[in-house]
Amino acid sequence: MDATHARAAAARLLAHRHATARVGVPQTHAPLPPAGTVLDGALAPATAQDAYDIQDALTAELGPVGGWKVGARGEATPTCAPIWRSLRHDEVSAPVFAGDAVDYECEIAYVFARDLPATGTPYAAPDVLAAIGSTHVGMELLTPRFATPAANPAESLVMLADGLHCGAYILGAPVPGYRAVNCATQPVRVDVNGQTVIDHAGGATVPDLVPLLVWLANHLAARGQPIRAGNVVTTGSWMGKRGALEDGTGAVREVRTRFEGVGELRVRFGTG
């Protein structure tokens, strides 16, 4: 997508963000619109590259970038979106205000210790893993701005352009260096308000996290938005989505997530 249309699409998405603020209490707000009604015509992304062009235009307004979310289903081509620095919270001790968030996901994330700029040669797994400074448990708060799920691939591209619903990212304490995990056997436990709701092995949406990291490093280097030292990269949920405001038994007050051998993250939710 050319720069003029990308900037116009980003401006429309920004206006839509303001118009749908505080959708975390759905009974007091109108239903969210289909994504295809927000970006249509010449402003609608026709390809993933168009969506990334719009992301970059959004970054010019919402940046700087504090990290990236990357994910895929099985062997599908990954997708990614920026986590703007204003959305990132590291090792929080005070209660988190869920704000507009509707769901949360518990994830494994990596913070990079050095830049991975374009070099003319694609990065391989050893290069990418050597650039990682620490491994973390993380939580993403999701803030949908469109009716979900997407009704068709065109709506999915609009959601990609808008940043894949990221409303905030909370990063747990670091484990130094790169910590490998087995996506089939990694133990995961999630307690909500003191009650265990997830206690299983595996759960990632891909068989291996490393190809996601390598794909992202090369994609961003080619895009001119390389991974920078200090950026967090989160690699997708291990437990699907759960309600950030209500979890079936009442209001969510505290979520404690443990990935055995990686660490633990405790997030308390406040009322703002």
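**Close-up 1. Glu264 and Arg256 meet in a salt bridge in this predicted model.** The N-to-O distance between the two side chains is 2.9 Å. Glu264 is partly exposed, with a relative accessible area of 36%. Arg256 also counts as partly exposed, at 29% relative accessibility. Salt bridges with shared partners join Glu254, Arg256, Glu264 and Arg266 into one network. Side chains of opposite charge can pair when their charged atoms come close.

**Close-up 2. Glu254 and Arg266 form a salt bridge.** The closest N and O atoms are 2.5 Å apart. This pair links distant parts of the chain, with Glu254 in strand S13 and Arg266 in strand S14. Is Glu254 buried or exposed? Glu254 is buried, because its relative accessible area is 18% and the cut-off for burial is under 20%. Arg266 is partly exposed, with 40% relative accessibility.

**Close-up 3. Strands S13 and S14 run antiparallel and form a hairpin.** Strand S14 covers residues 263–270. Six bridges join S14 to S13. Arg256 stands opposite Arg266 in S14. Arg256 also meets the side chain of Glu264 in a salt bridge, and Arg266 forms one with Glu254. Three residues lie between the two strands of the hairpin. In the turn, Gly261 has a positive phi of about 85°.

**Close-up 4. Strand S13 also pairs with strand S9.** S13 spans residues 254–259 and S9 spans residues 187–192. The pairing is antiparallel, over five bridges. Which residue of S13 is the bridge partner of Val190? The partner is Thr257.

Close-up 5. Tyr110 is buried, with a relative accessible area of 0%. Tyr178 is partly exposed, at 28% relative accessibility. Trp238 and Phe259 are 5.5 Å apart centre to centre, with 85° between their planes. Trp238 lies in the loop between S11 and strand S12 (242–243) and Phe259 in strand S13, so this pair ties together parts that are 21 residues apart in sequence. Both Trp238 and Phe259 are buried.

**Close-up 6. The side chain of Ser237 reaches two backbone atoms.** Ser237 lies in strand S11, residues 232–237. What does its side chain reach on Met239? The side chain of Ser237 reaches the backbone nitrogen of Met239, at 3.1 Å. The backbone oxygen of Gly240 is reached at 2.7 Å. Ser237 is buried, with a relative accessible area of 9%.

**Close-up 7. Asp162 and Arg145 form a salt bridge.** A search of the whole structure finds 11 salt bridges. In this one, the closest N and O atoms are 2.7 Å apart. Asp162 lies in helix H4 and Arg145 in the loop between S6 and H4, so the pair ties together parts that are 17 residues apart in sequence. Asp162 counts as buried, at 2% relative accessibility. Arg145 is buried as well, with a relative accessible area of 6%.

**Close-up 8. Ala150 sits in the loop between strand S6 and helix H4.** S6 covers 132–142 and H4 covers 153–162. Ala150 is partly exposed, with a relative accessible area of 26%. Which residues does Ala150 touch, not counting those up to four places away in sequence? Ala150 touches Glu155, Ser156 and Met159. Pro176 is 26 residues from Ala150 along the chain, and their C-alpha atoms are separated by 38 Å.

Note on methods
Residues numbered from 1 in each chain as written. Predicted model: local features only at pLDDT ≥ 70, side-chain atom pairs only at ≥ 80, totals over all residues. Heavy atoms only, no water. Pairing = 2+ DSSP bridges. Helix = DSSP H or I, 4+ residues; strand = E, 2+ residues; numbered from the N terminus. Buried < 20%, exposed > 50% of the residue type's maximum accessible area, 1.4 Å probe, protein only. Contact = heavy atoms within 4.5 Å. Polar contact = N/O pair within 3.5 Å; in protein donor to acceptor, adjacent residues only side chain to side chain. Phe/Tyr/Trp six-rings, centres within 6.5 Å; stacked < 30°, edge-to-face > 60°. Salt bridge = Lys/Arg side-chain N within 4 Å of Asp/Glu carboxyl O.
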